Amino acid sequence: MILDGKLVREEILNKIKEKIKTEALDIKLAIILVGDDEASKIYIKNKEKYCNLVGIKTTKYTFASNTKEDEIIELIQKLNNDASVTGIILQSPVPKQIDFDKVTNLIDPNKDVDGFTKENIYNLYLGRKTILPCTVKGIIKLLEYYNIPIEGQDIVIIGRGNIVGHPLSLALQNKNATVTVLHTHTKDLEKFTKEADILISAAGCAHLVKSYMVKKNTVVIDVGVSRKGDKIVGDVDFENVKDIAAAITPNPGGVGPMTVAMIIDNLVELKERSKNG
Ligand code: NAD
């Protein structure tokens, strides 16, 4: 079975569009871009496109690559205090003179679309309700959509990065999975990957996961993004793994669309928080 992120994205966004319309929700996203990173510009266009599609307003704040950190901090404080702003995204990467973690952490946790502030991460750590990082939430929603159980499953994650692997390991433990995390210092990846009920690769290493590393009927989720020329390549050798796996995400077309959908989903969640709190 193919886990079709584009299809699930469309369904989620259609539901959200309807909700925004019927409840007349006034949602606004502020996106901050510092510098000229070409990939960031594409990601931002995509975020704007899907916000627009469901009826969420966006404002983009662009800054030259030599902008001082204080200027960005000042804008974040202004946006935090602006009641018309529902969510704020500081697009990564930022130029060297700006400390991404420090500045991101100044975003009001109740406007933290990406779920990267200390408060939201601490809540994830404690297993409390939180704003989940979008890729993490997207993977969980994709599994849930296809009725793939998480509780009690042996889940192996390749990668312990701050954006995907590490928070995902916490979120899946909170859902009662047994989670094993592999990384560049793991002696023998295959020893663990072959035991997985669900194998999730978030390493960013092209075609790292080969067919001999996967047990029959495993669910395989490919998060990694590597570029080979103008082609995007995942962590999984899709052509050879797809016949062994019970279910597998294409890449592109699997986790990526879910990540974008969860930006929108998180914005609606933040809006509801602001109405209730
Ligand atoms: P990161 O660089 O912070 O972390 C990568 C992790 O993978 C590290 O812990 C490293 O130890 C591990 N790793 C790398 N090569 C390995 C190898 N050969 N064997 C074992 N472990 C290895 O990256 P990140 O920010 O967590 O993102 C992970 C990947 O997911 C990247 O390719 C990123 O582009 C992609 N990503 C995709 C989406 C999406 O929506 N599809 C969203 C976010 C990130």
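# Close-up views of a predicted model

View 1. Helix α2, which runs through residues 38-54, has 17 residues and reaches 25 Å from its first C-alpha to its last, close to the 24 Å expected at 1.5 Å a residue. As in every view that follows, what is shown here belongs to a predicted model. Which residues of α2 are buried? They are Ser40, Ile44, Lys47, Tyr50, Cys51 and Val54, and because they cover an arc of only 130° around the axis, they lie on the same side of α2. An α-helix has 3.6 residues a turn, so residues three or four places apart point the same way. The face of α2 turned away from its buried side carries the exposed residues Glu38, Ile42, Lys45 and Asn52.

**View 2. Helix α1, seen residue by residue.** Helix α1 has 18 residues, and the reach from its first C-alpha to its last is 26 Å, close to the 26 Å expected at 1.5 Å a residue. The buried residues in α1 are Gly5, Val8, Arg9, Ile12, Leu13, Ile16 and Ile20; they are found on the same side of α1 because the arc they cover around the axis is only 125°. On the face of α1 turned away from that buried side, the reader can find the exposed residues Asn14, Lys15, Lys21 and Thr22.

**View 3. The shell around the ligand.** There are 21 residues around the ligand, and those that come nearest are Thr135, Arg160, Gly204, Val225 and Thr259. By class, this shell is made of 11 nonpolar, 9 polar and 1 charged residues. Which helix gives the most to the shell around the ligand? It is helix α10, residues 255-276, which contributes 3 residues.

View 4. A polar backbone atom of Arg160 is 2.8 Å from an oxygen atom of the ligand, and a polar backbone atom of Val225 is 2.9 Å from an oxygen atom of the ligand. At Val223, a backbone N or O atom lies 3.5 Å from a nitrogen atom of the ligand. Taken alone, the ligand exposes 860 Å², and the protein buries 71% of that area.

View 5. Thr193 is found in helix α8, which spans residues 189-193. Is Thr193 buried or exposed? With a relative accessibility of 0%, Thr193 counts as buried, and its side chain reaches the backbone oxygen of Met213 at 2.7 Å. Thr59, in turn, lies in strand β2, residues 57-63, and is partly exposed, with a relative accessible area of 25%. Thr59 and Ser84 are 25 residues apart in sequence, and their C-alpha atoms are 11 Å apart in space.

View 6. The peptide bond from Ser92 to Pro93 is cis, with omega near 5°, and Pro93 lies in the loop between β3 (87-90) and α4 (100-104). The peptide bond from Asn251 to Pro252 is also cis, with omega near 5°. Where does Pro252 lie? Pro252 is found in the loop between β10 (247-248) and α10, and α10 is the helix that gives the most residues to the shell around the ligand.

View 7. Ala24 has a positive phi of about 50°, although it is not a glycine. Ala24 is found in the loop between α1 (5-22) and β1 (28-34), where it counts as exposed because its relative accessibility is 62%, above the cut-off of 50%. Asn217 likewise has a positive phi, near 70°, in a residue other than glycine. Asn217 belongs to the loop between β6 (198-201) and β7 (219-222), and is exposed, with a relative accessible area of 53%.

**View 8. Asn123 in helix α5.** Asn123 is found in helix α5, which covers residues 118-126. The relative accessible area of Asn123 is 12%, so this residue is buried, the cut-off being under 20%. Asn123 and Thr67 are 56 residues apart along the chain, and their C-alpha atoms are separated by 32 Å.

Conventions
Residues are numbered from 1 along each chain as its sequence is written. This is a predicted model: local features need pLDDT of at least 70, side-chain atom pairs count only at pLDDT 80 or more; totals for chains, interfaces and linings use all residues. Side-chain values use heavy atoms; hydrogens and water are left out. A residue is near a molecule or strand if one of its heavy atoms lies within 4 Å of it. A polar contact is a pair of N or O atoms within 3.5 Å; within protein, one must be able to donate a hydrogen and the other to accept it, and residues adjacent in sequence count only if both atoms are side-chain atoms. Accessible areas come from the Shrake-Rupley method with a 1.4 Å probe; for residues, only the protein chains shown count as cover. Helices (H or I, at least four residues) and strands (E, at least two) are DSSP runs, numbered from the N terminus. Ala, Val, Leu, Ile, Met, Phe, Trp, Tyr, Cys and Pro count as nonpolar, Asp, Glu, Lys and Arg as charged, and the others, Gly among them, as polar. The expected span of a helix is 1.5 Å times one less than its number of residues. Buried means under 20% relative accessible area, exposed over 50%, partly exposed in between (1.4 Å probe, protein chains only). The arc is that of the directions from the helix axis to the C-beta atoms.
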